[in-house]
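Have the viewer open and follow along.

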Amino acid sequence: MKPTDIKNPEYFHKVVDCQYACPAHTPVPEYIRLILHEQFTEAYMINWVSNVFPGILGRVCDRPCEPACRRDRVEDKPVAICRLKRVAADNREDVSALLPKAPEKKNGKKIALIGGGPASLTVARDLSLLGYELDLFDDQPRAGGFIRSQIPSFRLPEKVLNEEIDCILEMGGITRHFNTYVSSLKEILDKDYDAVFVGSGAPRGRDLPNLPGREEGDKFIHVGIDWLAAVVFDHVEKVGKRVLVLGGGNTAMDCCRTARRMGGEDVKVVVRSPRSEMKASEWEIEDALHEDIPILENLTPLEFIIEDDRLTGMSFEKVTPVYDEQGKRKLVPTGEEPVILECDEVLLAIGQQNAFPFIEPESNIAFNDYGLPELDPVTLQSSVPNVFFGGDSAFGPGNIIIAVAHGHEAAISIDLLCRGEDLHNRPEPEVTLAGQKLGFHDWLYDSHVTEDARQLVPMVDKAKSLRDRLVEVELGFAQQSGKVEAKRCLNCDVQTVFDGGLCIECDACVDACPTSCINFIDNAEEEELRQRLLVPATNKEQSLYVSDILSTGRVMVKDEDVCLHCGICAERCPTAAWEMVKYVYKSAKAGDR
Amino acid sequence: MSYVRPTFRHPDSQKNKLGYSRKAYEGAISTLCAGCGHDSIVSSIITAFFEMSIEPHKVVKLSGIGCSSKTPAYFLGRSHGFNSVHGRMPSVATGANMANKDLVYLGVSGDGDTASIGMGQFAHVVRRNLNMIYVVMNNGCYGLTKGQDSATADKGSKSRKGAPVSFESIDLCELAILMGADFVGRGFSGDKKQLLPMLKAAISHKGMAFVDVISPCVTFNNAPTSTKSYSWVRDHMEATSTFDFIPMQQEILTEYDHGSSIPVPLHDGSIITLHKREDKEVITNKKDAIASLEEAKVKDHILTGILYLKPDSEDFHDINQTTDTPLSQLTEKELCPGNEVLQAFNESLR
C-alpha cells in the first residue's frame, strides 16, 4: 500500500466516525468534551454554528452519528450523542449575546425562500449574516415546516421549536411572508430575486386510493402527515378508540403515539414487511412498544371493511418475505386466511412523495423520472441557474439534519453565484491541529477510557404523558448522568499521528495497544495486508493508516477500526514517533473564501 | 498518566483452546521506561502462554531484583508469583519446584541479577537441570541505578555516557551450555518472530530451558555505539537457523525434506523444525554449539536462535528419583507410613 496522506483533511475526518456520518459534520467529540467540563453554552454554540437547531436536533434528530460511533464497535452501545446535544441545549445560559447579528448594511442582493422548514431557515441564517435580504414564504402561520407540523409535541415541545426558529427570524434581513402559499414559481422568478431557494419538502402523504372501501370509509381514513398537522393546529381533537396505523417508518411511530394521546386505547401498527426491516428508528419503535402499541408484521392490506357507512375494520393478507440471490425481497402470500383487524379509524403512514404543483413548465425547471428536480448534487443548483433546492424537495424525503446540510451547501452556492464566482470552486473546510501533550504522561484531553454503559434517559410517567400530548416524554439527562455519558466518548478526533522518521521500531506501541491496532509488518497490497494484521482488519469501511518504509524495511500499519484513542501508544513511545493531535474539522460556511 | 490500560480489547480477537482470551494472560500496565525492550519480551511471554493454552493458575512466575524482575507484574496477572531477593530467584524456584513439580516455572531475571549477584545461584540451578524456563532480559547495564555497565556489557561497547566498557563480558548462553543446560537460546526483544516460537519451545522442553534475550535499555544503553542497542543488534544479528515450533496438540502435516530441515521432537511431543543452514548442523552438538558462538564473536556477530538443544534431558526430579506425586499433594499418611514401614526400611539397610 502507498503511505497514507495524512495531509489530506479527509483522512482524519473519516476517523471521526460520528462527525463524518453527520450530514452537517458537526464536531461531535469537541462539544462532548465541553459538556464534560460543564461548558454547556460553548457546547451549544458549536452545535448552533454547525447544525443551527441544537435544541430541536438534540431531541428529534435521526442520529446518523450514533450507529457510526466507534463505541458501538468496541462494546455494544454507542455514545448517546443526540441526548448529549440536548444536555448542552437544556443547560446553556442565555446565548442571545453570543449569536451573530445580520449587518446593518445590506449587500443589495435579494433571495426568495419557498417553504419555511429547516433547509430554508438554514439558508436564511447563513445568508442574512452576510448581508443578504431574504423573503421567506410559507403557507403556515409560523415557520418550521415539517418540524412543526409533523413532530408531535411530546417529542419536541413547541417552546424549544419557537426559541430556535425565532432567533433566526430575528437576526435581521429576513422578511416573513407567512400564510402565503406560493402558487407560482414563475411569479417569484419574475420578481427580480438574485436567487430562489426551494425548500418545500415532500408534502404529499402516500394513500391507498385503489384499495376497496377507501372511498366509502374516507371519513375514518386519514393520511398520516396530514392528520399529524391537523392535530398540531388543533383541527383534530380526538380519535376513535381502536386505531390502525399502517406503515413502519418514523411517521407511523408518531401517528400511533399521538393516537394514544388523542383517545386511542387499542392502537396497533401494521407493517407489510418483517419488523426487523422497519424504517423507523430503533428508539422510536421502543417508545411505541413502551406505550402498549403492538406492531404486527408481514401483513399487506386487502380491504377497508365498511358496514353501514362506518369503517369497522381492515382485512390483510399474510405474507412471508422471500429473498433472491441479490438479496432483493419479495413478499409472497402464505395462502392463509386473511387477517381481519377491527378498528374505528385508520392512519396511513406509508410514505411521502414530492409534489411541486407550484412549479409550472414555463419556469424551465427540469425534472427527472422520479418527479424530482434535476440538480447538481454538490451545488444543489437546478436547471435554472439561480434556482436551488434543498431538504426533502431536493432528493426526496430525508431528515432534518440532511435538510440543514443542504441549507449550508445551498447558501454557499447562492453566495458564490451572487459574487459571480464558479459554484464548484467551493471554500475548503477549516482544519486545525493541536498537539495534546502536556507533560511526560499527561494529555490535554481526558484520555481515560471509562467502562460505563450507555446511560438510560429518564422518562415522564407513562400515564401522565398519555393524558396530555403536550407533555414531553423524555426528560433528558441530568447533568450528572450527562457527564457519565459524555465521558464514554472515545475522543476520536484526537488523532494518533505517526512519524516514521523518529521510530526505532521497539514495538512498545504494539505491546501496549489494548485493541491490537498497531502492526509493524512487510508491506503488501491492501487486501493481503488486511489479512496479515495481528487481528485481521475485516471492517473495510475503516481505513488502514500506513507509514513510509521504515529502517528495517517494514511499514507501520494501523487499523483505525477499534482504536480507543487512549494515547497509550504515544505514552509508551520513547521517541515521540506517536503523537496525539487534536484534529478539529469545521465544514466551510457561506462567505468563507 | 495512564495507570491502567483500558479494559476493551479488539472484539475480533481470538480465544485459545481453553476459551480464554489473551487478556486473561495479561498483567498490569508497564511502569518501565517507554520503549523498554523488556515490554516486548513480556508481550511474547503473554502470547506464548496464551497460544499454548496453558492455564494461568498452572504457572509460577519468579524473579529477583531489577528492571527485568519487575516485569512479572506485567504478565500473567492470574498466576502464582514470587519476587525474591536479588539474585536468589533460582533458590526459590528450586524450592517451589521441589514442592510441586506439576506447575510450569518461569524465572525472569536480568543481567545484573544473573551475571553478577546471582551468578552462583545461576550456575547451580543450571547444573541441577531444574525443570523451568529461565529468561534473562539482558540489556548490558544496571537500568534501575542509572545505567552502570553490567557484567554482560561487551568489552569496548559504549553506552550513552560514551566510555567504553573495559572488562570482558560474560556470555550467559555459553556458560549455560558449559554448566549443562540442555536448552539454550538467544533472542532479541525486537524480533518477536523468532522469540515467540523459542519461548514456546522452552516451555515445552523438560529440564532447564535457558533463554537469553537481548533487550535494549532505551534510557541508558541505546546509543548506536552500544552492542545492546536496537540498531547495533539489528545490524549484527545472525541466526543459527530459522525454525518453526509445532505444539504437541497440532497434527503434524509437514513433510520433512531431510536435505533442508530437521525435526527435533521435544519431551512433551511438540516438535521444533530447524531449517538448516548450509554449513553445518550445530545445535544438537555441544562442541559445535560453543564453537559457533565463538566464531560469531570473532566476526562481531550476535548469534541468535536455539543455540543448543538436547531433547531427551533428565531433570532434577528424574535425577533425584522423586515421587511422581508432587510433594505438596502427599498427606501425612504417605509421608509417615508408620513404624512398620520404618522398621522394614531400616531392616533393608542392615
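How many helices and strands does the secondary structure of chain A come to? The tally is 22 helices and 22 strands, where helices (H or I, at least four residues) and strands (E, at least two) are DSSP runs numbered from the N terminus. Keep in mind that this is a predicted model, in which local features need pLDDT of at least 70 and side-chain atom pairs count only at pLDDT 80 or more, while totals for chains, interfaces and linings use all residues. Residues are numbered from 1 along each chain as its sequence is written, and chains are lettered from A and ligands numbered from 1 in the order in which they are written.

Now for the overall build of chain A. Its radius of gyration, taken over C-alpha atoms, is 26 Å, close to the 25 Å that the globule rule (2.2 Å times the number of residues to the power 0.38) gives for 593 residues, so chain A is as compact as a globular protein of that length. The C-alpha trace of chain A spans about 85 × 65 × 45 Å along its principal axes. Of the 593 residues, 48% count as buried, meaning that 20 or more other C-beta atoms, placed from the backbone, lie within 10 Å of the residue's own.

Next, find the open sheet in chain A with the order β17-β22-β18, paired antiparallel; two strands pair if DSSP finds at least two bridges between them. β17 (430–435) and β18 (494–498) of chain A are the edge strands with a single partner each, so one side of each has no neighbour in the sheet. Five bridges link β18(A) to β22 (residues 578–586) of chain A, and A:Phe498 has A:Trp578 as its bridge partner in β22(A).

Hop over to chain B and look at β13 (residues 302–309), where eight of its eight residues are buried. β7 (residues 183–188) of chain B runs antiparallel to β13(B), with four bridges, and B:Gly185 is partnered there with B:Ile306. β9 (residues 237–239) of chain B runs parallel to β13(B), joined by three bridges, with B:Met237 opposite B:Ile302.

Finally, where do the chains touch? 28 residues of chain A are in contact with 24 residues of chain B, contact meaning C-beta atoms, placed from the backbone, within 7 Å. On the chain A side, the elements giving two or more residues are α7 (70–74), α20 (508–512) and α22 (568–571).

Note on methods:
Two residues are in contact if their C-beta atoms, placed from the backbone, lie within 7 Å. A residue is buried if 20 or more other C-beta atoms lie within 10 Å of its own, exposed if 12 or fewer, and partly exposed in between; C-beta atoms are placed from the backbone.
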